[in-house]
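Please look through the structure shown below, beginning with the surroundings of the ligand and then turning to the charged pairs.

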Amino acid sequence: MEHLVVTGGGPLEGSVRISGSKNGALPLLAATLLSDGRCTLTNVPNLTDIGNLCELLSEVGVSVDRLGPHAISTRVTSEANSVARYELVSRMRASIYLLGPLVAKRGFARVSLPGGCVIGLRPVDLHLKGLRALGAEIELDHGYIVAKAPKGRLQGNRVFLGGPMGSSVGATCNVLMAAVLADGKSVIEGAACEPEVVELANFLNAMGATIEGIGTPRLVITGVPSLGGARQRVIPDRIEAGTYAIAAGMTGGDVRLEDVRLDHLGAVVDTLEKVGFEFSEPEEDVVRVRCPGPLQPVRTTTLTYPGYPTDLQSPLIAMLTKADGISVVSEKIYPDRFMHLAELQRMGADVMKEGSSAVIRGVERLKGTDVDATDLRAGAALVLAGLVAEGTTRLHKVYHVDRGYEDFEAKLTGLGANIHREIVSASYKRAA
Ligand code: EPZ
């Protein structure tokens, strides 16, 4: 078992290079299933989620070549197996991204239903609604989604993908990947506009697809008979960048973020400026971030893009535990995504859950202790809290963090943090 051990200290200072986006790379990798040619992705983050998806792609006939720690080349060499096994899918819900490409390209897919997780039930009804609209016959069979395309091809159609929480990133990606090979024209209304969806659409067009309205909630796709190879650089991870920006400000530091797309972080910059942060003008994708004064309390709500991202909700709350006053953070995407509040309370934070909002009253100091990562963003948030806590914080279940933050402790150490990874025997049990 591994822990991250953080000792509270001084301000973070120096430069940190932002890795490629996990949530950008995963749909691009899935999209390579649609190609009859060779695809190459660069600036791919070196994360366990990426490794898991590459393993899954290999099982369904994709030859995956690692050209280095951050570059992957693929070619589909067999279409014999179109089953995504539970054992692999249960590790990562983004495996659902195989459904659309497999049923569109091969006419058949059997993909395990992804489980829920602590941040919510994570339904896939919008994914299935969209694929059914394109003519896929879908049934649930012993925990698997079985999708078939009558006569081997999907049919273009119009579909509204907005759900009770607004648009869905995953459903938009899945249905978009299916529509590009469907016969005729499709219109996806209520599409997600996240940068990762934009990049997927650009990649599909580079492969020969015809997608219009990229970046808007209305995507118009004219199906094509086949797609070729393409090469694409994965965009910088906006959530990783936001995490390090918050770490810089909450420690009173002064950090240069390298390879960052500030245009993907509008709502985050706006919220952090209200806290007292200062961002420099980007110079060749380098941005300086600091917070010279005391942390001001804020009120914000997580929303679909371009609103404040839910994945930066827990790091924001970790910081606000030290702000001068009372903050309120409302969670509109995953109303139950607050497991980290109990862990922060263990560190002395004055936080409470009011419905789908957290109310945070700033305190003078946090105290280091043992805490559990409950999801990858909450794990990162607890490390950030440990950076400003008195004494030592030991983060358990570090595997969550390894899913989404490349070289997390090395990057923080490079900024002056006192953090290391300890390997302990499996028998270690946190005191009750
Ligand atoms: C993506 O998940 C991200 N994951 C999540 O990041 C992120 O939190 C989420 O988008 C929201 O931005 C990847 O990109 C791999 P959604 P996704 O479909 O696609 C509801 C991280 O930390 N919904 O946009 O699964 C859903 O319950 C992860 O990197 C339905 O109701 O999210 C949620 O309330 C965590 N029916 C809302 O929509 C559906 O069929 C948004 O979910 C699908 C979703």
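In this predicted model, the shell around the ligand is made up of twelve nonpolar, five polar and seven charged residues. These 24 surrounding residues have Asp125, Leu126, Ser168, Asp311 and Ile333 as the closest. Of the 820 Å² that the ligand exposes when taken alone, the protein buries 90%. Two or more residues of the shell come from each of helix 1 (22–31), helix 5 (125–133), helix 6 (169–179) and helix 12 (376–388).

Side chains of opposite charge can pair when their charged atoms come close, and the structure holds 32 salt bridges. Arg421 takes part in a salt bridge with Asp402, at 2.8 Å from N to O; because Arg421 lies in strand 24 (residues 418–423) and Asp402 in helix 13 (residues 399–402), this pair ties together parts that are 19 residues apart in sequence. Arg421 also forms a salt bridge with Glu409, where the closest N and O atoms are 2.6 Å apart, and this pair links strand 24 to helix 14 (residues 408–414), with the two residues twelve apart. Arg421 is partly exposed at 24% relative accessibility, whereas Glu409, at 17%, is buried.

Elsewhere, the side chains of Arg85 and Glu87 meet in a salt bridge of 3.5 Å, with Arg85 partly exposed at 30% and Glu87 partly exposed at 45%. Finally, a network of salt bridges links Arg17, Arg233, Arg256, Glu258 and Asp259.

Key:
Residues are numbered from 1 along each chain as its sequence is written. This is a predicted model: local features need pLDDT of at least 70, side-chain atom pairs count only at pLDDT 80 or more; totals for chains, interfaces and linings use all residues. Side-chain values use heavy atoms; hydrogens and water are left out. A residue is near a molecule or strand if one of its heavy atoms lies within 4 Å of it. Accessible areas come from the Shrake-Rupley method with a 1.4 Å probe; for residues, only the protein chains shown count as cover. Helices (H or I, at least four residues) and strands (E, at least two) are DSSP runs, numbered from the N terminus. Ala, Val, Leu, Ile, Met, Phe, Trp, Tyr, Cys and Pro count as nonpolar, Asp, Glu, Lys and Arg as charged, and the others, Gly among them, as polar. A salt bridge is a side-chain nitrogen of Lys or Arg within 4 Å of a carboxyl oxygen of Asp or Glu. Buried means under 20% relative accessible area, exposed over 50%, partly exposed in between (1.4 Å probe, protein chains only).
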